[in-house]
Amino acid sequence: MSHDVIALTKDLVAIPSVSRWSNAPVSDYIEDWLRSNGFDEIERLEYTDPNDERKVNIIAKKGSGTGGVAFLSHSDTVIGMEDEWGAFDPVIRDGDLYGRGSCDMKGPLAATMVATASVDPAELDKPVYVVATSDEEIGLLGAKYVVENSELLKTSKPDYGIVAEPTKLIPVYAHKGGGRVMVTAHGVAAHSSSGKGDSASIKLAPFLAEVAELSKKYLTDESYMNREFNPPTNGFNMIYGDNGISNITSASATCVVSVRAMPDARFEDVLEEISDLAKSYGFDVKSGGGPAVYTDKNSPLVQSACAASGITVPETVPYGTDGFYFQQLMPLVVLGPGDIDVAHTIRESVPVTELESAIEIYKQMIADLC
Ligand SMILES: [Zn+2]
């Protein structure tokens, strides 16, 4: 166990934690490491996923009292594709540390661990926290579970959260949220030669045509955009299917509409208009989703992030994070080492200099806010 961020990142990368499988081994390592570095209050929240894999979330606190700053990361990764590269054999080449999760986001997690480990709790007015969630890559399931079940976060009430996802160390004050409407039409399956069927697909088709027409409005009308984001549009998308066979009338056909939420961009209006339209056809409708992550640029958190990173203008990003759920508990900024463009690829890497700078930035923010 080392305070060296390179060694720690390599150790975390070398313990595979692809979302399809259990993240218990890497979570055990994180818990032990934090426990031996001054985190004396650690909550371990576990659940069994639909594949019967054990999923573990670690919530660790250092220092006493309430409030303070929480560093939020996930410990799962996308698949290794290890036939093509040494996904779980981390190496450093030309100043970059390569391996699955080096950038998204075991390297950033390691930087938060080293930064908080170096803090003397006697010098803290308010506590610091390290949170490592499961299943971020497959629907933010761990973060949802933690927000619903963490007694430690509910009683300690951190003032601020730093989502350490890779932003090239540029403070990010907002990212898009999202929602979807799932529409199902029902019919009767029969051999098409029998004349007895009732095709769900044919029932759904006029609805699809209306949605296709509406999509033009959602993607071009300024009232559905927010120019603080790039792209400013809401990513309106529609998929559909009926698992069909050509000589059988379809028993059911489904259309899923999804949209990325931004403040003041009529996200709820889109979901409502699509839902109402589907109901007017008599289809089954299910919808859900949540707002964008958005923290005032002038808030103490974003200002502290800017001061610590030497960046004057904070940014927005189009991708989502665990912040989607954590924003229910605290205001957030996204700030971490690495470039999201190499995440999920066989070139995934993080610049070692950014890992080291991240530690200094996080320590500065702890000094400011705790
Ligand atoms: Zn990530």
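This is a predicted model: local features need pLDDT of at least 70, side-chain atom pairs count only at pLDDT 80 or more; totals for chains, interfaces and linings use all residues.
Residues are numbered from 1 along each chain as its sequence is written.

The protein chain contains 10 helices and 16 strands, where helices (H or I, at least four residues) and strands (E, at least two) are DSSP runs numbered from the N terminus. The radius of gyration of the protein chain is 23 Å, which agrees with the value near 21 Å that a compact globule of 370 residues would have; this radius is taken over C-alpha atoms, and the globule rule is 2.2 Å times the number of residues to the power 0.38. The C-alpha trace spans about 80 × 45 × 40 Å along its principal axes. Of the 370 residues, 46% are buried, a residue being buried if 20 or more other C-beta atoms lie within 10 Å of its own, exposed if 12 or fewer, and partly exposed in between, with C-beta atoms placed from the backbone. Among contacts between residues at least 6 apart in sequence, 79% join residues at least 24 apart, contact meaning that the C-beta atoms of two residues, placed from the backbone, lie within 7 Å.

The domain assignment divides the protein chain into domain 1 (5–175 + 292–369) and domain 2 (183–289), with bounds that come from an automatic or database domain assignment. The centres of domain 1 and domain 2, taken over C-alpha atoms, are separated by 36 Å, and the contact takes 5 residues from domain 1 and 7 residues from domain 2.

An open sheet of 4 strands, with antiparallel pairing, has the order β10-β11-β9-β12; two strands pair if DSSP finds at least two bridges between them. Its edge strands, each of which pairs on one side only, are β10 (237–241) and β12 (284–290). Neighbouring strands of this sheet are turned by 10° against each other on average, direction ignored, the axes being lines fitted to C-alpha atoms, for helices over the stretch in contact, and angles running from 0 to 180 degrees between N-to-C directions. Strand β9 (residues 178–186) pairs with strand β11 (residues 252–259) in the antiparallel sense over 8 bridges; Met 182 stands opposite Val 256 in β11, and the bridge partner of Val 181 in β11 is Val 257. Helix α6 (residues 200–220) packs on the sheet, touching β9, β10 and β11, and its direction makes about 15° with that of β11. Helix α7 (residues 267–280) also packs on the sheet, touching β9, β11 and β12, with a direction that makes about 5° with that of β9. Strand β9 is joined to β12 by 7 bridges, the two running antiparallel.

A further open sheet has 3 strands in the order β4-β5-β16, again with antiparallel pairing, and its edge strands are β4 (91–93) and β16 (349–351), each pairing on one side only. Strands β4 and β5 (residues 96–98) pair over 3 bridges in the antiparallel sense, and Arg 93 stands opposite Asp 96 in β5. Tyr 98 also lies in strand β5 and counts as buried because it has 22 C-beta neighbours inside 10 Å. Leaving aside neighbours within four places in sequence, Tyr 98 is in contact with Pro 90, Val 91, Arg 93, Glu 348 and Ser 349. Helix α10 (residues 352–369) lies across β4, β5 and β16, running at about 60° to β16, and its buried residues include Leu 355, Ile 359, Tyr 362 and Ile 366.

Some backbone features remain to be described. The peptide bond from Asp 104 to Met 105 is cis, with omega near -10°, and Met 105 has its place in helix α3 (residues 102–117). A cis peptide bond also joins Asn 230 and Pro 231, with omega about -5°, Pro 231 being in the loop between α6 and β10. Lys 157, a residue other than glycine, has a positive phi near 45°.
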